[in-house]
Amino acid sequence: MLKKLLVPALLVSSFALAACSGTADKSASTNQTEWEKIKEAGVLKVATPGTLYPTSYHDDADQLVGYEIDMVNEIGKRLDIKIEYQEIGVAEAFTSVDSGKVDVTVNNFDTTKERLEKYNFSIPYKYSIGGMIVRADGSSGIEAADLSDWKGKKAGGGAGTQYMKLAEKLGAEPVIYDNVTNDVYLRDVSTGRTDFIPNDYYTQVIAINYITQQFPDIKVKMGTPKYNPTEQGIVMRKTDTSLKEQVDKALTSMKEDGTLKAISEKYYAGQDLTEPEKGVENLPVIDVADMK
């Protein structure tokens with residue numbers, strides 16, 4: 001009789017130990033920082049568009065390259081972590097971070113007060129100003145330095161971007177695109193489907209040179225007005241600051257040893273965009289905090 005009772009007792013004891021072990025494992029996982037979880041997985045998941053020249057695009061060999069890609073790859077080396085890219089457009093980039101589908105996203109995202117309330121941003125890796133692509137023959141009719149002539153014009157861009165919020169606030173009609181390549185945007189301006197593309201000035205300058213060489217029928221140019229000085233950072237969940245601390249440490253070292261500057265010069269025709277531009281304090285600044 002004693003032997004019969006002993007077996008069930010041992011089984012109960014084993015189940016209890018297993019349950020305690022499972023609880024302990026779950027508790028340990030819960031107590032891990034964001035960086036500890038990523039380090040344990042051995043991979044940093046990054047959302048990037050893969051369509052934005054020269055920051056994230058496919059070269060002639062169909063390799064994913066660009067300023068942000070080289071930068072993130074270097075961060076991966078310095079943090080001893082594998083980088084896994086997921087090509088995701090602007091509209092889904094933030095939600096992919098929210099859901100945990102990716103750990104970070106890079107897409108020339110401006111660091112704004114509203115975004116900082118919800119996300120961690122790295123220290124700036126790029127500084128720029130706002131610009132616009134218009135038709136080469138001047139028929140876009142957008143020249144005012146104070147941006148007063150945007151009203152009634154058709155502005156092309158991605159959903160939810162700061163630039164499309166700005167265009168809408170100034171009375172332009174937004175024409176929304178999914179994650180399309182630069183030539184699609186530029187051709188629509190050239191043919192009159194849209195009137196202009198408000199976006200990052202330096203990215204647009206390089207994109208025009210690149211695309212018009214490939215597609216001579218696309219007749220566009222940079223507009224004269226400049227506005228809204230900006231700074232871009234890597235976007236992360238606001239779970240804790242552990243990942244931001246690691247990313248910032250890597251970026252700081254890349255700035256100090258000149259690596260980030262070299263990457264900027266490689267993709268931006270010799271320009272160093274890793275430091276703020278001088279003389280931009282007199283440019284018009286349009287606040288879009290009230291735009292949803």
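This is a predicted model: local features need pLDDT of at least 70, side-chain atom pairs count only at pLDDT 80 or more; totals for chains, interfaces and linings use all residues.
**Exercise 1. A cis peptide bond**

Identify which residues the cis peptide bond joins, and locate P54 in the chain.

*Solution.* The cis bond joins Y53 and P54, with omega at about 5°. P54 belongs to the loop between β1 (43-48) and β2.

**Exercise 2. Aromatic pairs**

State how many aromatic pairs a search of the whole structure finds, then classify the pair of Y57 and Y210.

*Solution.* The search finds 12 aromatic pairs. For Y57 and Y210, the ring centres are 6.3 Å apart and the planes stand at 55°, so the pair is tilted. Y57 lies in strand β2 (residues 57-58) and Y210 in helix α8 (residues 201-214); the pair therefore ties together parts that are 153 residues apart in sequence. As to accessibility, Y57 counts as buried at 12%, whereas Y210 is partly exposed at 23%.

*Solution.* W150 lies in the loop between β7 (126-135) and β8 (154-158), and Y227 in strand β12 (residues 227-232), so the pair ties together parts 77 residues apart in sequence. W150 and Y227 are both buried.

**Exercise 3. The surroundings of W150**

Which residues form one aromatic cluster with W150, and which residues beyond its sequence neighbours is W150 in contact with?

*Solution.* The cluster consists of W150, Y163, F196 and Y227. The relative accessibility of W150 is 0%, so W150 counts as buried. Leaving aside neighbours within four places in sequence, the contacts of W150 include M132, I142, L166, F196, P198 and Y227. L170 is also one of the contacts; its C-alpha atom is separated from that of W150 by 6.2 Å, although W150 and L170 are 20 residues apart along the chain.

**Exercise 4. Helix packing around α9**

Describe how α9 packs with α10 and with α3.

*Solution.* Two packed helices are described by the angle between their axes and the distance between the axes.

1. Helix α9 (residues 242-256) packs with helix α10 (residues 259-267) at about 75°, the axes being 4 Å apart. The angle makes α9 roughly perpendicular to α10. Helix α9 contributes L251, M254 and K255, and α10 contributes T259, L260 and I263. These residues divide into 4 nonpolar, 1 polar and 1 charged.
2. Helix α3 (residues 67-79) and α9 pack at about 110°, with axes 9 Å apart. This makes α3 roughly perpendicular to α9. The contact is made by M71, E74, I75, R78 and L79 of α3 with Q246, V247, A250, L251, S253 and M254 of α9. The division is 7 nonpolar, 2 polar and 2 charged.

Key:
Residues are numbered from 1 along each chain as its sequence is written. Side-chain values use heavy atoms; hydrogens and water are left out. Axes are lines fitted to C-alpha atoms, for helices over the stretch in contact, and angles run from 0 to 180 degrees between N-to-C directions. Helices (H or I, at least four residues) and strands (E, at least two) are DSSP runs, numbered from the N terminus. Angles under 35 degrees count as roughly parallel, over 145 as roughly antiparallel, 65 to 115 as roughly perpendicular and the rest as oblique. Contact means heavy atoms within 4.5 Å. Ala, Val, Leu, Ile, Met, Phe, Trp, Tyr, Cys and Pro count as nonpolar, Asp, Glu, Lys and Arg as charged, and the others, Gly among them, as polar. Rings of Phe, Tyr and Trp (its six-membered ring) pair if their centres lie within 6.5 Å; planes under 30 degrees apart count as stacked, over 60 as edge-to-face and the rest as tilted. Buried means under 20% relative accessible area, exposed over 50%, partly exposed in between (1.4 Å probe, protein chains only).
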